[in-house]
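Trainee: I would like to learn how to read a model like this one. Please take me through it feature by feature.

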Amino acid sequence: MNLKGIQITWLGHSTFRIQTPEGNTLYIDPWIAGNPMCPESEKNVKKADLLLCTHGHGDHIGDAVEVGKKLNPIVVGIFELCLWLQKKGVQQIAPMNKGGTQTVAGVKISMVHAVHSCGIQDGDQVIYGGEACGYVLEFSNGVKLYHAGDTNVFSDMAIIHDLYAPKIVMLPIGDLFTMSPREAAYACKLLQPETVIPMHFGTFPLLTGTPGELQRLAPYVEVMELKPGPTIS
Ligand code: NI
Ligand code: MN
């Protein structure tokens with residue numbers, strides 16, 4: 001895996017911090033304060049130029065409002081989710097929908113499908129949050145990666161490969177609320193990446209899938225198991 005100057009830090013679950021070639025800091029699915037996997041040293045977010053939200057569940061947007069208000073990043077999400085975040089005080093939203101592409105903070109962002117739900121828990125209510133999605137990111141150095149969000153495997157992953165061909169893919173493997181390693185191994189056949197970074201596992205005892213199991217079922221890809229905290233570049 002050649003990141004050509006990009007830095008990726010996994011904060012546990014589906015939360016990633018990425019530093020772009022231009023030095024911008026982006027967070028995908030910012031769930032920090034309540035994330036049991038997130039290292040203490042990462043809990044005070046000091047810089048965020050861009051937030052990407054895959055869907056409205058608390059374990060994906062848990063800190064989107066707080067970080068959005070404190071550091072004023074541009075927040076990308078599906079239309080309805082962005083409107084809700086704006087209502088909660090997020091200043092800069094860049095809403096989009098599936099099939100769309102926009103360049104924000106130097107990153108070319110394509111929103112793609114995900115098979116999952118997207119209700120937003122707001123106090124004692126669950127609010128319609130649009131649909132769950134994934135993102136294909138293309139950086140200015142040519143590196144392309146796909147963050148699948150929460151999803152089952154779906155046949156249109158073959159289209160994601162045909163259209164965007166991301167070499168690095170972040171796939172949920174925990175089972176129960178997303179794919180398990182079995183479905184993720186099938187997803188790898190459709191996506192044909194070089195490297196898979198597993199996510200959404202081990203956060204709670206219920207999320208039982210493991211990177212080792214995925215590697216056993218998908219010997220045709222490199223499964224890169226990250227630890228929360230250390231940065232890879
Ligand atoms: Ni979810
Ligand atoms: Mn989730």
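Trainee: Where is the place of Ala-148?

Mentor: Helices (H or I, at least four residues) and strands (E, at least two) are DSSP runs, numbered from the N terminus. Ala-148 sits in the loop between β12 and α4. Bear in mind that this is a predicted model, in which local features need pLDDT of at least 70 and side-chain atom pairs count only at pLDDT 80 or more, while totals for chains, interfaces and linings use all residues. Residues are numbered from 1 along each chain as its sequence is written, chains are lettered from A and ligands numbered from 1 in the order in which they are written, and side-chain values use heavy atoms, with hydrogens and water left out.

Trainee: Is Ala-148 buried or exposed?

Mentor: Buried means under 20% relative accessible area, exposed over 50%, and partly exposed in between (1.4 Å probe, protein chains only). Ala-148 has a relative accessible area of 0%, so it is buried.

Trainee: Which residues does Ala-148 touch?

Mentor: A contact means heavy atoms within 4.5 Å. Leaving aside residues up to four places away in sequence, Ala-148 touches Ala-114, Cys-133, Gly-134, Met-170, Leu-171, Pro-172 and Met-199. Leu-171 is 23 residues from Ala-148 along the chain, and their C-alpha atoms are separated by 5.6 Å.

Trainee: Which residues coordinate the manganese ion (ligand 2)?

Mentor: Donors are N, O and S atoms within 2.8 Å of the metal (3.2 Å for Na, K and Ca); water is not among the atoms, so sites may look incomplete. For the manganese ion (ligand 2) they come from Asp-59 (OD), His-60 (NE2), Asp-150 (OD) and His-200 (NE2), at 2.1 to 2.3 Å. Their spacing in sequence is D-H-x89-D-x49-H.

Trainee: What does Asp-150 bridge?

Mentor: Asp-150 bridges the manganese ion (ligand 2) and the nickel ion (ligand 1), which lie 3.1 Å apart. Asp-59 lies in helix α1 (residues 58-61) and Asp-150 in the loop between β12 (144-147) and α4 (157-164), so the pair ties together parts that are 91 residues apart in sequence. Asp-59 is buried at 18% relative accessible area, and Asp-150 is buried at 2%.

Trainee: How many helices and strands does the protein chain have?

Mentor: The protein chain has 6 helices and 16 strands. Of its 233 residues, 52% count as buried. Among contacts with a separation of 6 or more, 61% join residues 24 or more positions apart. The C-alpha trace spans about 45 × 40 × 35 Å along its principal axes.
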